[in-house]
Amino acid sequence: MRIGTFKETYVADAALFDSRTQHVWLGIAAVLLVAFPFVASDYWLYLACLIAINVASSTGLNILTGYTGLVSLGQAAFMGLGAYTVAILQARWGTPLLLNLLAGGFVAMVGGMVVGIPSLRVKGLYLAIVTIAASFIAHFLFANFSITGGTTGLSMQPGQLFGAVLDTSFRLYWLIVPVTVLMLLGAANLFRTRIGRAFIAIRDRDISAEVLGIPLLQYKLLSFGLSSFYAGVAGGLWAYFFRVVTPESFPLSLSIFFLAAIIVGGMGSILGGVLGAVFMTLVPEVLKLIVDLLPGGTNLTVFLSPVRLVIFGALIIGFLVFEPLGLAEMWRRTRRFFHLWPFRN
Amino acid sequence: MAQQRISTRRRSIMLTAAAAGAAALTQPLSVLAQGADEIVIGGSIPMTGVFAFAGVGINAGIQDYVKIVNDAGGIKGRKVKYVPEDTGYKVDVSVAAFKKITSQNKVNLYYGDSTGFAKTINPELDRNGSILMAGASFATELNDPKKYPHQFLVGPDYTEMFGILLNHIAKEKPGAKVAFVYSDSEFGRDPIDSSEALAKKLGLSVPVKIMTPAGSVDVSTEVIKLRRAAPDYTIFHGYILAPIPEFITQGKQQGMQSKWMGTFWTMDSSTVMKMGPDGEGFMGVMPYRYYYDTEKAPMLEKIRAMRPEYQSTAYTQGFLAAMLFLESAKRTLEANKPLTGDNLKSALNSIKDFDTGGLIGVPITISGNSIPVGRVYRADMKAQKMVAASDWIKL
């Protein structure tokens, strides 16, 4: 039973993980993540990598939208910037993988900061439209320049890390998941710093934040930059994962996917971004598994495929109606239940 | 006591769920269930999403041919199993389906749903080395046996489709002016540059090339541009239906005398008939016979006996893909070779003057990655049918 935590120092109070129970669970999670590739089939490994990429990008969007309160529908475009940077560097110059990923992140960061400039003047839906425009511009650039391969896009050789050729989901897992975990830790730590708290202050009331001495434009641009950096790295991982990048790889609907992921997961919570991305990626697949388990063979697949989409949509609506704070809040309530049990349940 | 029973039940439910989860993760069950001698066709099929209209037909076509083969005893005594998955026409979902199907079955043949998927999965096919793949895409890029050694197209590629149309035009009206109208997508832009060069080679001129957003509605400015160029023929590519009817209607209202043409995905009978009276005379390239064609075609008769209602050209495409898949498997097994990607592909490339049972009107030869043959059909709105406007054209 654990009914409270007792802290004696400020350091303990501000710790990223504040209790022994949490440490134990994180340890178990780490062991599971390490053991997973050795027991999972190729299909589940593929999904794990895809989920990790989506988690990285959602977390980036969560920094911008969830923590800083700036709506963006350009996350897929920034992912595209990262993916193209990586593909060009890899295909043309064969530069090292980690350098390519960083370069992808920084190019997307610059793109994000440029798009973020109007954020001082416009907010909400207006900013959403600005970011949509960014995705159209990015699509145009991808489709019309020879360096990006035009509409055909770019194909690339598998990446190499420490001499290993990353050409299977198993090998890619050891790149994608650690990078995502690092990015998650980075994001979680960000909100223990001055910068992260400034983001939250801007989200809660930007005028008050400015009165407190937070330079709005600087921090808003920083938020855009960080968010796009996450998207860029996620896009780079995406490029290594699929090894083909085309202008149609990053449609507007992908940005909506990430926005939906952080809304369903819980905005302004790192765990929310993770849970949302897992939910959005996995639920359609789980629904497919359920359809497959029903007797009826391929005819049933044809019949139930559209029904599956309806159920997926209904699930999202259901979550938003019954738990607007998202899956992260459900998780918090579950934790609270166990903290207080057996005194209150 | 009651509390304890409930918690025991809960625990057993959780244990069962955990066991089911572990089984789902490793998923060897269905592989064990698979007969050792089965030939497996996997499929990333778009049964939902923007391409569902074709996916449902493709799925039925593959299913029917597999049934015909299994009813006749299979391939050299081996039964054929078809395992489709819905993809919603999304590349990542398609790849997930591929991974799922290949990790649960020993797949020999695979049907993919898009150019993006074909390109994305190609390294995996090369690495895996045991699968031959075809798909719904006719992208010119895929028609390269060196780059895509384990894939093929179930018909001519988009450039070859243009080639068939341009050859027909050059014969019908030498020196004609041909306009290209295409969508701003990979699909739309695919054959444009190479076809412009071919048109010039055939003595035709291309006075205007117009690119529009895919599925755009307001095309009035583009129609004015087209009218100024006064083409004898206008070829649409990269669309299914919109904005083609709008172009034709406005073009006719403005007195244009052009003949209007389309490529495969526009040319299904049900799609063309949606153009209404202005679609009269709409022409285009079709690599297969239509469901209702009256010329001798025993396989079409078989299809009509199985399915009395109209079947789309996407159905024929799926059906023919399965036929070529299993012909390749048959030839490989007859040569006492294992069913590897390389063996299946060389068996496919050994196909010479092959009779498709009338699905394609002439015997076919597959020397590379495509079947460069097709015919020009024309819409007869009164009869609500597509009728042949040319003989079969081989490139």
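Student: What should I know before I start reading numbers?

Tutor: It is a predicted model, in which local features need pLDDT of at least 70 and side-chain atom pairs count only at pLDDT 80 or more, while totals for chains, interfaces and linings use all residues. Residues are numbered from 1 along each chain as its sequence is written, chains are lettered from A and ligands numbered from 1 in the order in which they are written, and side-chain values use heavy atoms, with hydrogens and water left out.

Student: OK, the interface. How many residues of chain A and chain B are in contact?

Tutor: 34 residues of chain A are in contact with 29 residues of chain B. Contact means heavy atoms within 4.5 Å.

Student: And how much area do chain A and chain B bury between them?

Tutor: About 2,900 Å², with 59% of it on carbon and sulfur atoms. Buried area is the accessible area (1.4 Å probe) that two parts lose on being put together, summed over both.

Student: How many salt bridges cross the interface of chain A and chain B?

Tutor: The rule finds 2 there. A salt bridge is a side-chain nitrogen of Lys or Arg within 4 Å of a carboxyl oxygen of Asp or Glu. A:Asp42 and B:Lys99 meet in a salt bridge, at 3.6 Å from N to O. A:Asp42 and B:Lys99 also belong to a network of salt bridges with B:Glu124 and B:Arg127.

Student: How many residue pairs are in polar contact between chain A and chain B?

Tutor: The count is 9 residue pairs, both residues at pLDDT 80 or more. A polar contact is a pair of N or O atoms within 3.5 Å; within protein, one must be able to donate a hydrogen and the other to accept it, and residues adjacent in sequence count only if both atoms are side-chain atoms.

Student: Which helix gives the most to the side of chain A that touches chain B?

Tutor: α13(A) does, with 8 residues. Helices (H or I, at least four residues) and strands (E, at least two) are DSSP runs, numbered from the N terminus.

Student: New topic. How many residues of α6(B) are buried?

Tutor: 12 of its 15 residues are buried, so α6(B) is largely enclosed by the rest of the structure. Buried means under 20% relative accessible area, exposed over 50%, and partly exposed in between (1.4 Å probe, protein chains only). Among the buried ones are B:Met161, B:Phe162 and B:Ile164.

Student: What caps the N-terminal end of α6(B)?

Tutor: B:Asp157 does: a side-chain oxygen lies 2.9 Å from the backbone nitrogen of B:Thr159. B:Asp157 is also one of the residues that B:Asn143 touches. B:Asn143 lies in the loop between β4 (132-135) and β5 (151-153) of chain B, and its side chain makes a polar contact with the side chain of B:Ser370 at 3.2 Å.

Student: Back to salt bridges. What is the count over all chains?

Tutor: By the rule it comes to 28. In one of them, B:Glu186 pairs with B:Lys119, the closest N and O atoms being 2.8 Å apart. B:Glu186 lies in helix α7 (residues 186-189) of chain B and B:Lys119 in helix α5 (residues 115-128) of chain B, so the pair ties together parts that are 67 residues apart in sequence.

Student: Are B:Glu186 and B:Lys119 buried or exposed?

Tutor: Both B:Glu186 and B:Lys119 are buried. Take another pair: B:Lys259 forms a salt bridge with B:Glu172, with the closest N and O atoms 3.2 Å apart. B:Lys259 is partly exposed at 36% relative accessible area, and B:Glu172 is partly exposed at 38%.

Student: What separates B:Glu327 and B:Lys330 in helix α13 of chain B?

Tutor: About one helical turn, because they are 3 residues apart in that helix. B:Glu327 and B:Lys330 form a salt bridge, the closest N and O atoms being 3.9 Å apart. B:Glu327 counts as buried at 13% relative accessibility, whereas B:Lys330 counts as partly exposed at 31%.

Student: Last one. What does A:Ala143 touch?

Tutor: Not counting residues up to four places away in sequence, A:Ala143 touches A:Gly150, A:Thr151, A:Pro247 and B:Arg189. A:Ala143 lies in helix α6 of chain A and counts as buried, at 3% relative accessibility.
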